[in-house]
Amino acid sequence: MSNIDWVSTSLRISSSKLTTSEISKVLNLEPLIHYKKGELMSSRNPKSQKFKENLCIYENIAKKSDDLEMHLKKIGLFIKNNENKLKELITNCEIDVYCGISYNGGQGGIVLNSEILKKLASIPIEIIFDLYFEEDEDT
Amino acid sequence: MGCFIFLKWHTEGETPDKIRKIAEKFDKSKKEVKDAIHKIKAKKGIERNTDIEVDLNTGEVYPKGPDGRLGDSIGNIIDMINGIF
């Protein structure tokens, strides 16, 4: 039985050369979230950090209800199906997969099978895991 | 003076990194808080997989450096929970 209660996987594409519209046009897909270079990271705080690059976050490739394996399968399939477009983008962009996982307990693991790994490695990208575990009640 | 107050908040523990405390303060579920923190940390340009602390008064989210010091805000958890990216 899985002890994962929440997964979120995004394809992130950032660039100082291409705008978010130009990135979306190449992929023919609108990002769920996008930020422009120079924009404040907290609109209510003028002292907050500013974005150093234009950034598109495609969080809508997998469904929230999908399990971890399905998230990574769908992202891998998207990369494989859009390999040429992503290879075009990667000359001017940085691309990575950003994956958040929340575990019910204090332990958890991740398995990436060879089929998923092959698809994810169609282009040179990094996969970043952002992990959350259940906290002790007395902290 | 402003800087002094800022540091005082942090040393008094008003910027917890515990999901439960943040959720209780803003009357949100732990799942909503984790999702919002994940979205804020997804902003590229900040140090990778950095730990964060949340100011319970303002909702501002600060990255924690390797030396434990907090950097400038990288977002606001109240805005993110409310869908203001």
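Author: Before the questions, one definition is required: two strands pair if DSSP finds at least two bridges between them. The model is a predicted one.

Reader: Which residue stands opposite Val61(B) in E3(B)?

Author: Strand E2 of chain B covers residues 60-64 and runs antiparallel to E3(B), to which two bridges join it. In E3(B), the residue opposite Val61(B) is Gly75(B).

Reader: In what order do the elements of chain B run from the N terminus?

Author: Chain B contains four helices and three strands. From the N terminus on, the order is α-α-α-β-β-β-α.

Reader: Which element of chain B has the lowest mean pLDDT?

Author: Chain B averages a pLDDT of 80, and 78% of its residues score at least 70. Among its elements, strand E3 (residues 75-76) has the highest mean, 96, whereas the lowest, 35, belongs to helix H1 (residues 2-11) of chain B.

Reader: How many contacts does the stretch of residues 1-13 of chain B have beyond near neighbours in sequence?

Author: Across residues 1-13 of chain B the pLDDT is below 50. Beyond near neighbours in sequence, the number of contacts that this stretch has in the model is five.

Reader: What percentage of the contacts in chain B between residues at least 6 apart in sequence join residues at least 24 apart?

Author: Chain B has 85 residues, of which 35% count as buried. For contacts between residues at least 6 apart in sequence, the share joining residues at least 24 apart is 43%.

Reader: Which strand gives the most to the side of chain A that touches chain B?

Author: In the model, which scores ipTM 0.89 and pTM 0.87, 27 residues of chain A are in contact with 23 residues of chain B. Strands E1 (4-15), E2 (33-35), E3 (54-58), E4 (94-103) and E5 (126-132) of chain A each supply at least two residues of that side of chain A. With five residues, the strand that gives the most is E1(A).

Reader: How many charged residues does the side of chain A that touches chain B have?

Author: By class, this side has ten nonpolar and ten polar residues. The number of charged residues is seven.

Methods: Residues numbered from 1 in each chain as written. Chains lettered and ligands numbered in written order. Predicted model: local features only at pLDDT ≥ 70, side-chain atom pairs only at ≥ 80, totals over all residues. pLDDT = per-residue confidence, 0-100. Contact = placed C-beta atoms within 7 Å. Nonpolar A, V, L, I, M, F, W, Y, C, P; charged D, E, K, R; others polar. Buried ≥ 20, exposed ≤ 12 C-beta atoms within 10 Å, placed from the backbone.
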